[in-house]
Amino acid sequence: MIIVLFGPPAAGKGTQAKRIKDKHRVAHLSTGDMLRAAIAQGTDIGKKAKALVDGGLLVPDDVVIGIIAERIESEDCAKGFILDGFPRTLGQASALDAMLAAKKRSVMHVILMDVDQSRLTKRVETRVAETLARGEPVRPDDSLDKFKERLKVYNEQTLPTLPYYEAQGKVRRVDGMQTIEGVGAQIDAILSDEKSGKMGARP
Ligand code: AP5
Ligand code: MG
């Protein structure tokens with residue numbers, strides 16, 4: 001089971017990826033989390049990526065493709081994995097298909113999390129408040145101006161990747177405006193359709 005969670009910043013990709021991981025015992029691959037870890041550890045990739053990640057801009061394709069190519073070799077990816085925040089460009093999507101095809105595997109579903117963009121700012125504000133309440137450092141890209149930049153990057157560079165997957169009949173839309181549980185139930189329905197063999201493309 002290889003699933004892509006696709007959606008704008010703060011749509012709830014990470015939240016739902018954790019749910020699916022726990023329920024289906026597959027790996028959760030978040031390129032954002034991996035880049036933040038590399039930055040925190042001060043690795044070469046982290047040093048290259050820091051200004052871009054903090055500024056809400058995309059890290060070059062070759063860097064994130066390299067990270068994913070290495071990560072999917074791990075044993076915990078053998079059963080399947082959820083991609084959260086990857087691919088974000090057409091170049092990343094075609095590289096992913098090529099690396100999976102070499103292993104005779106393919107993406108099963110691209111789950112598009114539809115959320116009104118006006119609602120996303122509220123979600124980031126909530127996340128900032130929750131992070132502060134836990135006494136943890138706030139993500140540098142969660143400021144209002146950096147968030148606007150991330151949204152612009154999503155609209156201009158990531159959203160145009162969707163037709164690539166639509167042409168493959170792999171896009172499944174979920175209403176991301178519902179509660180966390182409501183969104184989770186929609187994803188569960190998509191995944192259980194797959195298990196029972198009902199593979200018809202959804203609108
Ligand atoms: P990344 O870490 O992927 O960030 P993002 O896409 O901007 O998304 P977020 O992590 O902010 O949001 P999310 O959708 O995971 O939502 P969450 O579940 O947290 O990327 C960060 C940066 O890394 C990029 O800007 C780029 O620089 C770089 N990068 C990463 N991948 C890259 C790639 N492939 N190529 C190039 N560069 C890359 O939820 C948000 C909040 O809403 C939480 O508080 C949550 O509790 C709440 N919430 C969730 N669902 C609901 C709901 N249904 N109702 C109400 N509240 C909800
Ligand atoms: Mg996330």
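**Exercise 1. Find which residues glutamine 92 is in contact with, leaving aside its neighbours within four places in sequence.**

Solution. Step one: list the partners. Glutamine 92 is in contact (heavy atoms within 4.5 Å) with Asp61, Val64, Ile65, Phe86 and Pro87.

Before going on, a word about the coordinates: this is a predicted model, in which local features need pLDDT of at least 70 and side-chain atom pairs count only at pLDDT 80 or more, while totals for chains, interfaces and linings use all residues. Residues are numbered from 1 along each chain as its sequence is written, chains are lettered from A and ligands numbered from 1 in the order in which they are written, and side-chain values use heavy atoms, with hydrogens and water left out.

Glutamine 92 sits in helix α5; helices (H or I, at least four residues) and strands (E, at least two) are DSSP runs, numbered from the N terminus.

Buried means under 20% relative accessible area, exposed over 50%, and partly exposed in between (1.4 Å probe, protein chains only).

Step four: look for a polar partner. A polar atom of the glutamine 92 side chain lies 2.8 Å from the backbone nitrogen of arginine 88. This is a polar contact: a pair of N or O atoms within 3.5 Å; within protein, one must be able to donate a hydrogen and the other to accept it, and residues adjacent in sequence count only if both atoms are side-chain atoms.

**Exercise 2. Describe the peptide bond that joins phenylalanine 86 and proline 87, then look at two residues with positive phi.**

Solution. Step one: the bond between phenylalanine 86 and proline 87 is cis, with omega of about 0°. Proline 87 belongs to the loop between β3 and α5.

Step two: turn to alanine 10, whose phi is positive, about 70°, although alanine 10 is not a glycine. You will find alanine 10 in the loop between β1 and α1. With a relative accessible area of 15%, alanine 10 is buried.

Step three: compare lysine 104, a residue other than glycine with a positive phi near 55°. Lysine 104 lies in the loop between α5 and β4, and its relative accessible area of 78% makes it exposed.

**Exercise 3. Which residues have the most contacts inside the largest nonpolar core?**

Solution. Step one: recall the rule. A nonpolar core is a set of buried Ala, Val, Leu, Ile, Met, Phe, Trp, Tyr and Cys residues joined through side-chain atoms within 4.5 Å. In soluble globular proteins, nonpolar side chains tend to be buried together.

Step two: the largest core has 30 residues, and Leu29, Phe81, Leu83 and Leu96 have the most contacts inside it. Among the elements that give two or more residues to this core are β1 (2-6), β2 (27-30) and α5 (90-101). Helix α4 provides the largest share, five residues.

Step three: zoom in on leucine 29, which lies in strand β2. At 0% relative accessibility, leucine 29 is buried. Leucine 29 and phenylalanine 81 are 52 residues apart in sequence, and their C-alpha atoms are 6.9 Å apart. Not counting residues up to four places away in sequence, leucine 29 touches several residues, including Met34, Ile68, Cys77 and Phe81.

Step four: do likewise for leucine 96. Not counting residues up to four places away in sequence, leucine 96 touches Val4, Leu83, Phe86, Pro87, Val107 and Tyr165. There is also a second, separate core of 21 residues, which includes Leu5, Ala10, Leu120 and Leu151.

**Exercise 4. How many residues surround ligand 1?**

Solution. Step one: there are 33, each with a heavy atom within 4 Å of the ligand. The closest are Thr15, Leu57, Arg88, Arg127 and Arg150.

Step two: sort the shell. It divides into 14 nonpolar, 10 polar and nine charged residues, where Ala, Val, Leu, Ile, Met, Phe, Trp, Tyr, Cys and Pro count as nonpolar, Asp, Glu, Lys and Arg as charged, and the others, Gly among them, as polar. Helix α2 gives the largest share, four residues.

An N or O atom in the side chain of threonine 15 is 2.5 Å from one ligand 1 oxygen atom. A polar backbone atom of glycine 14 is 2.9 Å from an oxygen atom of ligand 1, and for a backbone N or O atom of glycine 12 the distance is 3.1 Å.
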